[in-house]
Amino acid sequence: MATPQRDELPVAGLTTGQLARLLGVSPTTLRSWDRRYGFGPASRADGRHRRWSPDDVAMAQEMCRLTATGTPPAEAARTARLRARGADGTGGPRGPGEWPPVPSDRTDGTAPRAGSGLPLGRVRSECRGLARAAVRLDAEEVRELLRRAVTHHGPAVAWEEVMSPALQAVGRKWQSSGEEGEQYVEVEHLLSWHISAALRHYYLDAARPRRAASGLPVLLSCLPGEQHTLPLDVLTAVLGDEGLAVLMLGGSVPADALITAARRVASLAVVLWAQTSDTADLALARRVAGARWGVRGARTQTPVLLCGPGWHPVTDDAEPSELTHVTSLHDAVRTLTGLRRERPAR
């Protein structure tokens, strides 16, 4: 989030709407902070219009930074005030640059809002912080929060309890908000790109302690026309933690290239991702399952896993011996680790 210099701010101060646009939050959020935590501007223009001074703006920016890291809003408001006062916490009469007392806790039994404007529900504090940073389009904070989540929790937990809930909340907001929802498209793109980057960096980090990869590699690919590679990035990172070798082909792989790869690579399994029924090509999946590799006279077929919501109910008539439909990340990992035990490297 860019921080304006003091001499760049209007002498009369910013209105609530101007500050909301600067911080990437809604005016309602700023008014809620004032109502709940005494976190409002110290002066009013003409006795009526609220104006945020440079000191007020600095404290609001600190409030956003703290909540983005998962700090509860009441604690973040208290800390922002103390830091603005030099971290000494002294009270005294309220001056032009000071804040009114901050309530220590809510007493009405209700939970504070997430501050992101997104319908998150009950999630980890890291998820709330990530959502706030994403809505502000604070790329640096998003990157740091994702790095911490993957490092501390591992890719599976980070995806299921931090990344995915934030992405789903953005999607729900985008779909349900009409014209306002269009403002969240850029949030979804920013968040998706950084999640993918964090997972790939985690998998490729040579300095990270990990189990040595063993056995045949897992071949991961999106079908032709399918660009949603993020789920395969998640699976790649998780399989790496399990010590499985991975060969990732990426998005929208042409049919002939996919068949060629299945024949050239002695793989443990081929994972085909389809986000929608439009890209879930059952005939192509069967062609991949029929591809053989190995020396003449001892050729072998590779199991094919169908992953993603696009395969249902397309796979209702698929023969179990040809294809395996997996419905979750855990299901895919369990199936692939089981195959490794059955089919060690030759």
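Helices here are DSSP runs of H or I with at least four residues, strands are runs of E with at least two, and both are numbered from the N terminus. With that numbering, go to the end of H5 and select Leu-137: just after the helix, this residue takes a positive phi of about 55 degrees. Keep in mind throughout that this is a predicted model.

**Stop 1: helix H5**

Now select H5 itself, residues 125-135. Is this helix largely enclosed by the rest of the structure, or open? Eight of its eleven residues are buried, so H5 is largely enclosed. The buried residues are Cys-127, Gly-129, Leu-130, Ala-131, Arg-132, Ala-133, Ala-134 and Val-135.

**Stop 2: salt bridges**

The whole structure contains six salt bridges. Begin with the side chains of Glu-161 and Arg-124, which meet in one of them at 2.5 Å, N to O. Glu-161 belongs to helix H6 (residues 139-176), while Arg-124 sits in the loop between helix H4 (73-84) and H5; the pair therefore ties together parts that are 37 residues apart in sequence. Both partners are partly exposed: Glu-161 has a relative accessible area of 33%, and Arg-124 one of 30%.

Stay on H6 and select Glu-144 and Arg-147. Their closest N and O atoms are 2.7 Å apart, in a salt bridge. Because they are three residues apart in helix H6, about one helical turn separates them. Glu-144 is partly exposed at 26% relative accessible area, and Arg-147 is partly exposed at 45%.

Next, select Arg-200 and Asp-233, whose side chains meet in a salt bridge at 3.2 Å, N to O. This pair links distant parts of the chain, with Arg-200 in helix H7 (residues 185-204) and Asp-233 in helix H8 (residues 230-241), 33 residues apart. Which of these two residues is buried, and which is partly exposed? Asp-233 is buried, with a relative accessible area of 5%, whereas Arg-200 counts as partly exposed at 41%.

**Stop 3: strand S3 and Ser-221**

Select strand S3, residues 214-222, and find Ser-221 in it. Ser-221 counts as buried, at 0% relative accessibility. Show everything around this serine. Leaving out residues up to four places away in sequence, Ser-221 touches Leu-232, Leu-249, Gly-250, Val-253, Leu-258, Val-271, Leu-272 and Trp-273. For one of those partners, draw a distance between C-alpha atoms: Ser-221 and Leu-249 are 28 residues apart along the chain, and their C-alpha atoms are separated by 5.1 Å.

**Stop 4: helices H1 and H2**

To see the contact, select Thr-16, Gly-17, Leu-19, Ala-20 and Leu-23 on the H1 side, and Pro-27, Leu-30 and Arg-31 on the H2 side. By class, these contact residues are five nonpolar, two polar and one charged.

Centre the view on Pro-27, in helix H2. Pro-27 is partly exposed, with a relative accessible area of 30%. Beyond its neighbours within four places in sequence, Pro-27 is in contact with Thr-16, Gly-17 and Ala-20. The C-alpha atoms of Pro-27 and Thr-16 lie 6.1 Å apart, for a separation of eleven residues in sequence.

**Stop 5: confidence**

Finally, colour the chain by pLDDT. The average is 76, and 73% of the residues score at least 70. Where in the chain is confidence lowest, and where is it highest? Strand S1 (residues 43-45) is lowest with a mean of 55, and strand S5 (residues 269-273) is highest at 93.

Select residues 1-11: pLDDT stays under 50 there, and the model gives this stretch 15 contacts beyond four places in sequence. Then select residues 87-115, where pLDDT is also below 50 and the model has 56 contacts beyond near neighbours in sequence. Where pLDDT is low, predicted coordinates should not be read in detail.

Conventions. Residues are numbered from 1 along each chain as its sequence is written. This is a predicted model: local features need pLDDT of at least 70, side-chain atom pairs count only at pLDDT 80 or more; totals for chains, interfaces and linings use all residues. Side-chain values use heavy atoms; hydrogens and water are left out. Contact means heavy atoms within 4.5 Å. Ala, Val, Leu, Ile, Met, Phe, Trp, Tyr, Cys and Pro count as nonpolar, Asp, Glu, Lys and Arg as charged, and the others, Gly among them, as polar. Buried means under 20% relative accessible area, exposed over 50%, partly exposed in between (1.4 Å probe, protein chains only). A salt bridge is a side-chain nitrogen of Lys or Arg within 4 Å of a carboxyl oxygen of Asp or Glu. pLDDT is the predictor's confidence in each residue, from 0 to 100.
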